[in-house]
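Please open the structure in your viewer and keep the selection panel at hand.

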Amino acid sequence: MNQTLTRYHTPCALVGILCLFLIAGLAGCGPETGSRESAPAIATEDDQQPTTPASPELVSETETVDLTSCDGEQTVTVDQSLTGKHLADALMDQWQRDHPGRDWVAEEKQAHAFKPPADNSGLLEGDQGEGQAYGNYTKQDILIWARETEKLVAEGSRIFHSGDELGSTVGVSCDMCHPHASNTHPETYPKFQTQLGRVALLRDMIDWCVENPVRGAHMDLDGPKMRALEAYIMAQRKGVAMDYGKH
Amino acid sequence: MATYKSVETRYLEEREELFRGLRNLDRRSFLKVSAAAVGAAAGLAAPHSFTPVTVAQEEDAASEGPASEGPGGESFRFAYISDSHLYERHVNDRFVRGLLRGVDDVNRLDPQPDFVVYGGDLAQLGQVKELELGAEILKNLKAPLKIMVGEHDWYLDMGQKWQELFGEPTYSFDHKGVHFVVLNSVVEKDFWTDRNLTPMQRMRTVAGLDNGLQSSFTVGEPQRKWLEEDLADLPDDARVIVFSHSPLYKLYKPWNFWTDDAEEVQAILQRFKQVTVIHGHTHQLLTNRIGNIHFHGLLSTAWPWPYAPEGMPELTIEMSRPDPFSATDGCGDGEVQVHPDGLVDKVYSLWNRNPITVSRTYMASMGKQDVPPIPNRPSY
């Protein structure tokens, strides 16, 4: 007999962390149906795993509980006596083990060593703000800025290093001529690009490269890929003085 | 009956005629004629389209010929092609055309070089069809081929296909009194097993020049031992030339312009009066000298690399920044003239530019004599 300890119906479009936070929150509130004190359940058959991804279930066995996340893929067996928080942690651990690529920003950073954003922790020193919200910073602000900025740069690095992401038809990616975005000199734009016969912005040159040596399609100059590529290329020239128009 | 000839045909015929005539000229009249020729050609095509470089080289080579045979031995010349990074033709024909051009360049040399050295990275992702295509194209070389292995050739199947086509990656041979050694300098320690990478993931990791998940290149203990034994019987004044894919010194680790056990290898070469190391991998003009060892890089037929952001060797004449709008600028092939004293003149035959020769006298004088013309634009 499968005993459902907790059941909740979540429009779980986002599988994973968001979902696990919900488990942490709800599991702590106690079961809606059934009870941990109820009679021990008969061993669960594998083929009776929950089939509805939106319904994470806790399944009780003698001394343990099989806990399945809302994507229907992650299951972990834990001690029955654990609290909701511990159950959620256990499931999170399992999810992380099953998703080695979860921390893609850290991996991208390790693989391609892009430069970190500025350290703003100095803003936390001394008095905070002068009677208004702007200028009142917390440690969380600083972390969010760094994390979000770095994520855009990491995304750019990922695209920069992938012919597939760039839509190359000839197996060429940016890094093949510009390792670590070297020789891209974003600080020199805008400048008169002699070969184009007009003033070019960095994004014009990125687009030119993607269309020509990379043999990809024309990029949306305001599209997410262009924004990410630009972010990565700029980030790599951190510390270099702006010098627009330089040849 | 008059035959119609297009502008191109007439131009090519004139060009052919000019080159035939040039071979019989001495240097003085050669310079005159070539200047006139460039002027004459200016209206027909870009002036670089027929730079009379081979003629100049041939003349040098001829004057160094048997007559200048010194106590060290004979002087001779070999050619090089390197770093073609082939995909299959249907994936990317630009790189295939690059290698074909290199082979044509070398086959056009008259007289032919004694042999051709291929500097590694024949394939881009080490795939069977890429390597087979490369081997097929290299078969068109008139002169014998000597080849070294690059990381792009190796890390899909750990050298299986490459060795099937070309044999052992580590070997030596003697030619006209010079002892040549070929090393596999792209041995990386296992970074893939722990990460559970598939062969293609491993290959792609190594194929990324700026990918920091891979290890550093080494020659490794077994090959160093082999090298010691191979050189054991040679006297200290022997003429030794080493071929390795990576530079056998430490230039810039993040791009593997680097050999991790370079010092150990250099120590083995230390006792010789002078040694020349010719390496691929860096796709640029690159010159270095560490004591008795002279290092020369090779040009690629696929694309040029930018210079490493630090650690540039003093003797390097930095090639100015390649034109991104020209697919072949900064690419090329070249020749190496070996002199009786064992030192070499290294010729970088850039496809879109004047050739640059880094001479033995420049190297011997630590850059004081015979300085090659320094490009007037930055390299970035």
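Which strands of chain B does helix α4 lie across? Select residues 93–107 of chain B, which form helix α4, and you will see that this helix lies across β1, β2, β12 (332–338) and β13 (344–350) of chain B, running at about 165° to β1(B). Helices (H or I, at least four residues) and strands (E, at least two) are DSSP runs, numbered from the N terminus, while axes are lines fitted to C-alpha atoms, for helices over the stretch in contact, with angles that run from 0 to 180 degrees between N-to-C directions.

Before going further, note that this is a predicted model, in which local features need pLDDT of at least 70 and side-chain atom pairs count only at pLDDT 80 or more, whereas totals for chains, interfaces and linings use all residues. Residues are numbered from 1 along each chain as its sequence is written, and chains are lettered from A and ligands numbered from 1 in the order in which they are written.

Now select the strands of the open sheet whose order is β3-β2-β1-β12-β13-β14 (chain B), six strands with mixed pairing; two strands pair if DSSP finds at least two bridges between them. β3 (145–147) and β14 (356–358) of chain B stand at the edges with a single partner strand each, so one side of each has no neighbour in the sheet. Neighbouring strands of this sheet are turned by 25° against each other on average, direction ignored. Within the sheet, strand β1 (residues 76–81) and strand β2 (residues 116–118) of chain B pair in the parallel sense over three bridges, and Ile81(B) has Tyr118(B) in β2(B) as its bridge partner.

Next, select the strands of the open sheet with the order β4-β5-β6-β9-β11-β10 (chain B), which has six strands and mixed pairing. Here β4 (171–175) and β10 (287–290) of chain B are at the edges, each with a single partner strand, so one side of each is left without a neighbour in the sheet. The twist averages 20° from one strand to the next.

Strand β9 (residues 275–279) of chain B pairs with β11(B) in the parallel sense over five bridges, and Val275(B) stands opposite Ile293(B).

**Into the core**

From Val275(B), move to Val242(B), which touches Val181(B), Leu183(B), Leu248(B), Val275(B) and Val277(B), not counting residues up to four places away in sequence; a contact means that two C-beta atoms, placed from the backbone, lie within 7 Å. Val242(B) is among the residues with the most contacts inside the largest nonpolar core, which has 108 residues, such a core being a set of buried Ala, Val, Leu, Ile, Met, Phe, Trp, Tyr and Cys residues joined through C-beta atoms within 7 Å. The largest share of this core, six residues, comes from helix α7 (residues 224–236) of chain A.

**Around Trp154(B)**

Finally, select Trp154(B), which is found in helix α6 of chain B and counts as buried because it has 26 C-beta neighbours inside 10 Å. Leaving aside neighbours within four places in sequence, Trp154(B) is in contact with Gly126(B), Val149(B), Gly159(B), Trp162(B) and Val186(B). The buried residues of α8(B) pack against α6 (151–154) of chain B; in helix α8 (residues 199–207) these are Arg202(B), Met203(B), Thr205(B), Val206(B) and Ala207(B).

Key. A residue is buried if 20 or more other C-beta atoms lie within 10 Å of its own, exposed if 12 or fewer, and partly exposed in between; C-beta atoms are placed from the backbone.
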